[in-house]
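Visitor: I would like a close look at a single part of this model. Please take one chain and walk me through it, then set it in its surroundings.

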Amino acid sequence: MEKARYITNLEENDFNDDIFYIGSEFCLYKMPDIKEIYEFKKKNINKKIILTTPILTDIKLEKIASLSCKLIKEKLINEITVNDIGLLNFLIKKIGSEKINIGRILVHTFGLELNDGWVRDFFIKNKLKHIEIDSLVQLSYIKSLDSISIYIHKPYQYLTYTRDCQFKKIINDKCYVKCIYTKVKSKLLDDMFMMGNSYFKSNSTELARLQNDPRIRRVIFSK
Amino acid sequence: MKIISGIVNLKEAKAILPYSDEIYFGVSWIGNHRKWYKWQNINDFKDAYKIITMCVNEKKPIYLAANEIYLAQEREKIISEIEKMYDIGLTGIIARDINLIYELKSKLKKIKINLSSTAICFNSESVDFFKQFGISRITIPQHILPFEWEKVLKRHSDIDYEFFYFLDCYCPNVDGICIYHNIDPNSKSVCAYPLYIGSEKVFMKIPDMMERFSRIYDLSKMKIKYIKLSRDGTSINKMNNLKTLKLLNNILRISSSRNEYMERINNIVKYGKSKIHN
């Protein structure tokens, strides 16, 4: 079982892990540029690096799509996690599917469609074999996909996110506010967690059952 | 802008159709994005028949909301139910499920497909992806800012677009991938519940009213053809929203600039007798 760490601050690199997830699942204004990735790679020369990408609008799509292709071609990153249908559509044509991971937000976008019909055929035809999940419900979405590797997020499962982030401060297409990480309680959930524009809850009770699946190859630890 | 109204029963359809260019509805036997409220769906096929026939007679398009993701074993029945309504005169469906769209289009080549805002189609490459299924219109997701959609319009001018009447319909989180709104099985209003960071009470925020007014201006100037009123609210609310929308359309028409439009809106909100928003 591989162990990976999702890091949001590229200057923090005192972890002993062999696999790092960088980038952002939820904010297109929090994506690192090529210079930052190059510096990070220099400090982590023998480590596996995975670039995570969020849902994108056209403001950043072209930039992130071409950045992803360049990083893969120059071997600055090993894999790319995709959460946007458009980026997936683009990258399959440009770099093939081998280095693509289907992110957990994209798994929610397809949902049950993954289990049969055109969508399942699309996954099989394009050899989309690496899928990130964080919950039992997501496991149910991919029960009919046999030859895949599952990567599990820990210790939180995604609940929701907004693009109307109340904290953002964008200058030159980048957000310069440090995302707030904090515990949050609501009337119905007392183990919620807020990270900038997104909300999560603990998936510790589901992990034991999740980890029984023989297709699981990697655990991704978040802060 | 053309007005699309969501309706929830025959009586409402009769009242609202004269003031709308198009209507849409859901039925209780086909899951849709109003599963929380039984009253927001038509429960009797006879009523669906009458509403569709009424629209056919008035030569106005009518769409069915079938905008959830369905199990494989449900799809065949759903397609046959849609076929029944299509035979009466249903124009098309509002959908997100790719498998459903693909299979339905294989059977009914001319049925119109309006891609639901819940499909998470956020950019021109995504539009490119969905176009292979023969969609004819896209509901622009609420969290897209108008300037973020400009390239889509340039690259995909062969399909139509619509957006929600933001003053009345705006989710704080990205709809279609929001797990949070299913947390409470009895209510869809969970995002209005307070959150506590320590002892501090906070709320999930939505853009203020003036910001939402400005988005309507920008989208209308981008020549988005349709504005859509949701199924939420009472019939009285909906009639009020239609009046407001008529007023908004007039303000959009007479304002020579964004500033002038915002100033007029500001004056109405502050001093006007007409209630711009309930």
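Guide: A contact here means heavy atoms within 4.5 Å. The model is predicted. Let us take chain A.

The secondary structure behind them comes to seven helices and 14 strands. The radius of gyration of chain A is 17 Å, close to the 17 Å that the globule rule gives for 223 residues, so chain A is as compact as a globular protein of that length. Along the principal axes, its C-alpha atoms fill a box of roughly 45 × 45 × 35 Å.

Next, burial and surface. Of the 223 residues in chain A, 61% are buried. The chain exposes about 9,700 Å², and carbon and sulfur atoms supply 49% of that area. As for charge, chain A has 38 positive and 28 negative charges, and their mean positions are 2 Å apart.

Now zoom in on strand E7, which covers residues 149-154 of chain A. A:Ser149 lies in this strand. Is A:Ser149 buried or exposed? Its relative accessible area is 14%. The cut-off for buried is under 20%, so A:Ser149 is buried. Which residues does A:Ser149 touch, leaving aside its neighbours within four places in sequence? They are A:Lys129, A:His130, A:Ile131, A:Arg215 and A:Arg217.

Follow E7 to residue 154. The peptide bond from A:Lys154 to A:Pro155 is cis, with omega near 10 degrees. A:Pro155 is found in the loop between E7 and strand E8, which covers 156-161. Most peptide bonds are trans, and most residues other than glycine have a negative phi.

A:Lys75 is not a glycine, yet it has a positive phi of about 60 degrees. This residue is found between helix H2 (58-73) and strand E4 (79-82) of chain A. A:Lys75 counts as exposed, at 65% relative accessibility.

Now the surroundings. Chain A meets chain B: 45 residues of chain A are in contact with 51 residues of chain B. The area buried between the two chains is about 4,000 Å², with carbon and sulfur atoms giving 60% of it. Which residues of chain B lose the most area to chain A? They are B:Glu125, B:Phe129 and B:Ile177, together 15% of what that side buries.

A brief look at the partner. Chain B comes to nine helices and 10 strands. Its radius of gyration is 19 Å, close to the 19 Å from the globule rule for 278 residues, so chain B is as compact as a globular protein of that length. The C-alpha trace of chain B spans about 50 × 50 × 40 Å along its principal axes. Buried residues account for 55% of its 278 residues. Chain B exposes about 12,100 Å², of which carbon and sulfur atoms supply 52%. It has 43 positive and 31 negative side chains, and the centres of the two sets lie 5 Å apart.

Chain B also has a lysine with a positive phi: B:Lys223, at about 65 degrees. B:Lys223 is found in the loop between helix H7 (209-221) and strand E10 (226-229) of chain B. With a relative accessible area of 72%, B:Lys223 is exposed.

Technical notes: Residues are numbered from 1 along each chain as its sequence is written. Chains are lettered from A and ligands numbered from 1 in the order in which they are written. This is a predicted model: local features need pLDDT of at least 70, side-chain atom pairs count only at pLDDT 80 or more; totals for chains, interfaces and linings use all residues. Side-chain values use heavy atoms; hydrogens and water are left out. Helices (H or I, at least four residues) and strands (E, at least two) are DSSP runs, numbered from the N terminus. The radius of gyration is taken over C-alpha atoms; the globule rule is 2.2 Å times the number of residues to the power 0.38. Buried means under 20% relative accessible area, exposed over 50%, partly exposed in between (1.4 Å probe, protein chains only). Accessible areas come from the Shrake-Rupley method with a 1.4 Å probe; for residues, only the protein chains shown count as cover. Lys and Arg count as positive and Asp and Glu as negative; His and the chain ends are not counted. The place of a charge is taken as NZ of Lys, CZ of Arg, CG of Asp or CD of Glu. Buried area is the accessible area (1.4 Å probe) that two parts lose on being put together, summed over both.
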